[in-house]
Amino acid sequence: MLQRVFFKLVLIFVLSGIVSQYAHAQGSVSDSTISTFILQVNYAYQIPGGDMAEDYGHNSVIGPEFTYKTNKNWLWGLEASFVFGNDVKKAGEIIEQITGDQSFVIGLDGTFTNVRPMERGFSTLAKVGKIIPAFNINPNSGIVFNFGLGYMQHKIRWDVEGNNAPQLGGDYKKGYDRFSEGIILSQSLGLLYLADARLWNFKAAVEVQEAFTTMKRYNFDTMGGDSKKRVDLLFGIKLSWMIPLYGRAPKAMYYF
């Protein structure tokens, strides 16, 4: 489900890029403040805090964003992100009942089957931001800040060698995946650069996210649910490659 939603968003991103080829021309980025749609791809490296730090280590985030920039340098956007990591801190404890002291389970054929836990998640946010021109770059570039509000989910994915362990297959795996979901907030501060060249536009920022989630599963290892109100914090460095959808500015003016 999570992967299907993610790839649908990527498809929308690509189709929007094709449509952009028909965008109409505006003024030059270097001498006037313009309005334009912007497609971008984000990557962030995050360090967890709060309840997230008790369950997971560092993770990465990647995903598309679609933004409209006004001629007053306000930014309105939608962002989708796929969260992934390989550091699950309580993995051994969660499946101890079916693995004992080992890192494998007994497969259908009676052989040992390796199990690898992975962090997986997804978030989508509606965002608003503002560009403050700085460093004499151009009227459309400078310091940028953003605020976001949206939805986040995260869980443990159990990667079972050869899918050979029914203890972690089908609906049984839900009893060990610690699926949690809830509202997420984000704040970021960074530097945004837009140029007349369509491909050389970027943003670099530091970002803080706060997710207020609850666990939604019945956990087999604890024989019960968990109604704890979690506060999942994520501190990250975020890089964005952006494709503005403005057309080419005229290179010269002609008088008759």
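In which sense do strand E1 (residues 36-49) and strand E2 (residues 59-69) pair, and over how many bridges? Select both strands: E1 and E2 pair in the antiparallel sense, over eleven bridges. Please keep in mind throughout that this is a predicted model.

**Second stop: the whole protein**

Now display the entire chain as a cartoon. The protein has four helices and nine strands, and along the sequence they follow the pattern α-β-α-β-β-α-α-β-β-β-β-β-β. Of its 256 residues, 47% count as buried.

The structure holds three cavities of 30 Å³ or more. The largest cavity contains about 80 Å³ of space. To find it, select Gln46, Val61, Glu79, Ser81 and Gln209, which are the closest to its centre among the 16 lining residues. Two or more lining residues come from each of E1, E2, strand E3 (74-85), E8 and E9. By type, the lining of the largest cavity divides into seven nonpolar, six polar and three charged residues.

Move on to the second largest cavity, with about 60 Å³ of space. Its lining includes Ile38, Gln40, Glu65, Thr67 and Trp76. E1, E2 and E3 each supply at least two residues of this lining, and the largest share, three residues, comes from E3. The lining of the second largest cavity comprises five nonpolar, four polar and three charged residues.

Select Asp55, Lys90, Arg178, Met215 and Asp226, which lie nearest the centre of the second largest pocket, a site lined by 18 residues. About 280 Å³ of space lies in this pocket. Helix H2 (50-55) and helix H3 (91-94) each give at least two residues to the lining, with H2 providing the largest share, three residues.

Is Asp51 buried or exposed? Asp51 counts as buried because its relative accessibility is 11%, and buried means under 20%. Its side chain makes a polar contact with the side chain of Lys228, at 2.7 Å. Beyond its neighbours within four places in sequence, Asp51 is in contact with Lys228, Lys229, Arg230, Val231 and Asp232.

**Last stop: Ala195**

Finally, select Ala195, in the loop between strand E7 (180-193) and strand E8 (202-215). Ala195 also counts as buried, at 11% relative accessibility. How far apart in space are Ala195 and Val29, C-alpha to C-alpha? The two are 6.1 Å apart in space, although 166 residues apart in sequence. Leaving aside neighbours within four places in sequence, Ala195 is in contact with Val29, Trp200, Asn201 and Tyr246.

Technical notes: Residues numbered from 1 in each chain as written. Predicted model: local features only at pLDDT ≥ 70, side-chain atom pairs only at ≥ 80, totals over all residues. Heavy atoms only, no water. 1 Å grid on protein atoms, 1.4 Å probe; cavity = no way out; pocket = protein on both sides within 12 Å on 5 of 7 lines; lining within 4 Å. Points joined across faces, edges and corners; volume = space filled by probe spheres on them. Buried < 20%, exposed > 50% of the residue type's maximum accessible area, 1.4 Å probe, protein only. Polar contact = N/O pair within 3.5 Å; in protein donor to acceptor, adjacent residues only side chain to side chain. Contact = heavy atoms within 4.5 Å. Pairing = 2+ DSSP bridges. Nonpolar A, V, L, I, M, F, W, Y, C, P; charged D, E, K, R; others polar.
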